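Please look through the structure shown here before reading the notes on its fold, core, ligand surroundings and backbone.

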Amino acid sequence: MDIEELTRGIAAGERRALARGITLVESGRADHRARATELLEALRPLGRQALRIGLSGTPGVGKSTFIEAFGLMLTGQGLRVAVLAVDPSSARSGGSILGDKTRMEHLSRDPKAFIRPSPSQTHLGGVARRTREVINLCEAADFDVILIETVGVGQSETVVSEMSDLFVLLLAPAGGDELQGVKRGIMEMADLILVNKADGDLKPLAMRTCADYAGALRLLRKRAQDPEGFPKALTVSALEEAGLEKAWEEMQALIDWRRENGHWAARRADQACFWFASEVREGLLARLTREPVKGAMAALSERVGKGEMTAAAAARELLDGYLSGRG
Ligand SMILES: Nc1nc2c(ncn2[C@@H]2O[C@H](COP(=O)(O)OP(=O)(O)OP(=O)(O)O)[C@@H](O)[C@H]2O)c(=O)[nH]1
Ligand SMILES: [Mg+2]
């Protein structure tokens with residue numbers, strides 16, 4: 001695979017080149033990794049930026065239905081939309097990718113849309129890196145909006161919010177007690193709460209739920225990156241395609257304000273530094289599992305176990321001997 005050719009293809013927005021680029025960044029092979037890094041470095045000077053929207057919600061809340069309807073609305077406005085997923089594979093049964101394909105039937109056939117299902121890595125760190133790099137590839141391929149979906153389990157919301165410009169929490173209509181089910185930390189990440197399924201018999205409950213969440217949002221600490229009135233809660237119906245334009249207007253209003261006030265750029269810069277630190281940490285940890293460090297660690301561990309060395313002295317020997325300089 002010729003990197004120059006791939007760079008040209010992706011920059012020209014060719015889907016085949018994009019798909020090949022993604023295959024490259026997803027590969028675990030060391031030589032592929034080096035070439036993926038080269039590709040991303042070659043595309044970086046294009047300086048293209050999409051709006052990255054993180055979207056989280058528990059299973060069955062309507063994420064796929066929402067993305068289909070919302071994505072089609074955006075492509076209808078002439079925007080190019082990419083859909084990615086961040087899911088630890090343990091959270092996803094084999095069937096739901098198939099389910100997604102049927103629920104995003106029209107969007108997946110839309111020439112202005114690009115849908116990439118979640119990769120089959122179990123390690124969230126691996127999925128996170130791959131997703132960040134796929135985001136970069138999609139931006140270089142000149143997509144306007146990138147939707148990053150995650151099912152609300154464990155740490156995946158944090159991971160997604162760390163790579164998004166905007167974080168949207170999709171919720172279902174719920175009674176009083178269930179409101180408590182949303183963790184405070186997740187609420188604090190949200191820029192927009194959308195209470196879905198505001199249709200038919202569920203509509204009154206959805207409206208009450210929305211009012212409750214709006215109240216809860218007002219009680220949270222004010223964030224510097226928000227204009228007056230944000231974060232906001234709205235009702236939508238993905239099924240009836242209601243409230244989607246309003247939701248899009250609110251997202252744009254928030255993003256415009258953040259751009260004008262320097263928060264957009266500051267957040268992107270913070271995120272880049274965060275991921276840099278995370279790559280360094282993961283790189284170091286990976287070295288612990290490879291030779292020669294792995295063997296040295298086992299040998300030192302044995303000595304510590306026998307009481308021949310203290311844990312601190314052994315750790316120092318390993319760090320100074322193997323993980324400093326070119327060791
Ligand atoms: N009444 C109503 N039902 C909806 C709406 N959106 C989704 N649903 C239904 O809710 C069910 C789950 O929708 P999905 O879009 O698959 O939900 P999901 O969040 O993607 O689910 P997972 O992929 O399993 O996490 C389906 O039966 C949808 O038809 C809505 O706006 N109103
Ligand atoms: Mg789904």
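This is a predicted model: local features need pLDDT of at least 70, side-chain atom pairs count only at pLDDT 80 or more; totals for chains, interfaces and linings use all residues.

Residues are numbered from 1 along each chain as its sequence is written, and chains are lettered from A and ligands numbered from 1 in the order in which they are written.

**Overall fold**

- The protein chain has 15 helices and seven strands, these being DSSP runs numbered from the N terminus (helices H or I of at least four residues, strands E of at least two).
- Of the 327 residues in the protein chain, 35% are buried; a residue is buried if 20 or more other C-beta atoms, placed from the backbone, lie within 10 Å of its own, exposed if 12 or fewer do, and partly exposed in between.
- Among contacts between residues at least 6 apart in sequence, 75% join residues at least 24 apart, where a contact requires C-beta atoms, placed from the backbone, within 7 Å.

**Nonpolar core**

- The largest nonpolar core has 68 residues, and Ile53 and Ile146 have the most contacts inside it; such a core is a set of buried Ala, Val, Leu, Ile, Met, Phe, Trp, Tyr and Cys residues joined through C-beta atoms within 7 Å.
- This core lies between domain 1 (1-45) and domain 2 (48-261), because both give residues to it; the domain bounds come from an automatic or database domain assignment.
- Ile146 is in contact with Ala50, Arg52, Ile53, Ala82, Leu84, Ile135 and Cys138, when its neighbours within four places in sequence are left aside.

- Leu39, placed in helix H3, is buried, with 24 other C-beta atoms within 10 Å, and it touches Ile3, Leu6, Thr7, Gly21 and Leu24, not counting residues up to four places away in sequence.

**Ligand shell**

- There are 19 residues around ligand 1, of which Gly62, Lys63, Ser64, Thr65 and Leu239 come nearest; a residue is near the ligand if its C-beta atom, placed from the backbone, lies within 6 Å of it.
- Helix H4 (63-76) and helix H5 (94-103) are the elements that give two or more residues to this shell.
- The shell residues divide into five nonpolar, 10 polar and four charged, with Ala, Val, Leu, Ile, Met, Phe, Trp, Tyr, Cys and Pro counted as nonpolar, Asp, Glu, Lys and Arg as charged, and the others, Gly among them, as polar.

**Backbone details**

- A cis peptide bond with omega of about -5 degrees joins Phe230 and Pro231, and the bond from Glu291 to Pro292 is cis, with omega near 5 degrees.
- Asp142, although not a glycine, has a positive phi of about 70 degrees and is found in the loop between H7 and strand S4 (145-151).

Technical notes. Two residues are in contact if their C-beta atoms, placed from the backbone, lie within 7 Å.
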